[in-house]
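The sequence and the model come next, and the text after them takes up the parts in turn.

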Amino acid sequence: MTPSRIKTVHADKLPIACSGPEHETWNGHPLVFLPVSDRQAACPYCGTVYRIEGEIKTHH
Ligand SMILES: [Zn+2]
């Protein structure tokens, strides 16, 4: 069993792009941008969960 990784990312860093777990290049995957939902985004490739901290600014 692999526990899912949780990373905290500040809202300033949006959009979130994931290319695989750090320090584990063997487990990398193509760079993907992750849609944020409910202040959280999960990577479908490596399972990393990103939690957004801070104020999320929208540019509409
Ligand atoms: Zn990933």
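Where does R39 lie? R39 lies in the loop between β3 and β4. Before going on, note that this is a predicted model, in which local features need pLDDT of at least 70 and side-chain atom pairs count only at pLDDT 80 or more, while totals for chains, interfaces and linings use all residues. Residues are numbered from 1 along each chain as its sequence is written.

**Overall make-up**

The chain has five strands and zero helices. Helices (H or I, at least four residues) and strands (E, at least two) are DSSP runs, numbered from the N terminus. Along the sequence the pattern reads β-β-β-β-β. Of the 60 residues of the chain, 10% count as buried. A residue is buried if 20 or more other C-beta atoms lie within 10 Å of its own, exposed if 12 or fewer, and partly exposed in between, with C-beta atoms placed from the backbone.

Two residues are in contact if their C-beta atoms, placed from the backbone, lie within 7 Å. Among the contacts in the chain with a separation of 6 or more, 46% are accounted for by residues 24 or more positions apart.

**The sheet**

Three strands form an open sheet with mixed pairing, in the order β1-β5-β4. β1 and β4 stand at the edges with a single partner strand each, so one side of each is left without a neighbour in the sheet. On average, neighbouring strands of this sheet are turned by 25° against each other, direction ignored. For such angles, axes are lines fitted to C-alpha atoms, for helices over the stretch in contact, and angles run from 0 to 180 degrees between N-to-C directions.

Two strands pair if DSSP finds at least two bridges between them. Strand β1 (residues 6–10) runs parallel to β5, and five bridges join the two. Within this pairing, I6 has V49 of β5 as its bridge partner, and K7 has Y50. Strand β4 (residues 40–42) pairs with β5 in the antiparallel sense over three bridges, and there the bridge partner of Q40 is R51. β4 and β5 also form a hairpin with six residues between them, and G47 in the turn has a positive phi of about 85°.

Leaving aside its neighbours within four places in sequence, Y50 is in contact with K7, V9, I16, L34, Q40 and A41.

**Residues outside the strands**

S4 is found in the segment before β1. S4 counts as exposed because there are 10 C-beta neighbours inside 10 Å. Not counting residues up to four places away in sequence, S4 touches G47 and V49. The C-alpha atoms of S4 and T48 are separated by 6.0 Å, although the two residues are 44 residues apart along the chain.

P21 is found in the loop between β2 (16–18) and β3 (32–34). P21 is partly exposed because 18 other C-beta atoms lie within 10 Å. The C-alpha atoms of P21 and R5, which are 16 residues apart along the chain, are separated by 8.6 Å.

**Backbone details**

Most residues other than glycine have a negative phi, and most peptide bonds are trans.

| Residue | Phi |
|---|---|
| D38 | near 55° |
| R39 | near 60° |

D38 has its place in the loop between β3 and β4. D38 is exposed because 6 other C-beta atoms lie within 10 Å. R39 is also exposed, with 12 other C-beta atoms within 10 Å.

Which form, cis or trans, does the peptide bond from L14 to P15 take? The bond is cis, with omega near -5°. P15 has its place in the loop between β1 and β2.
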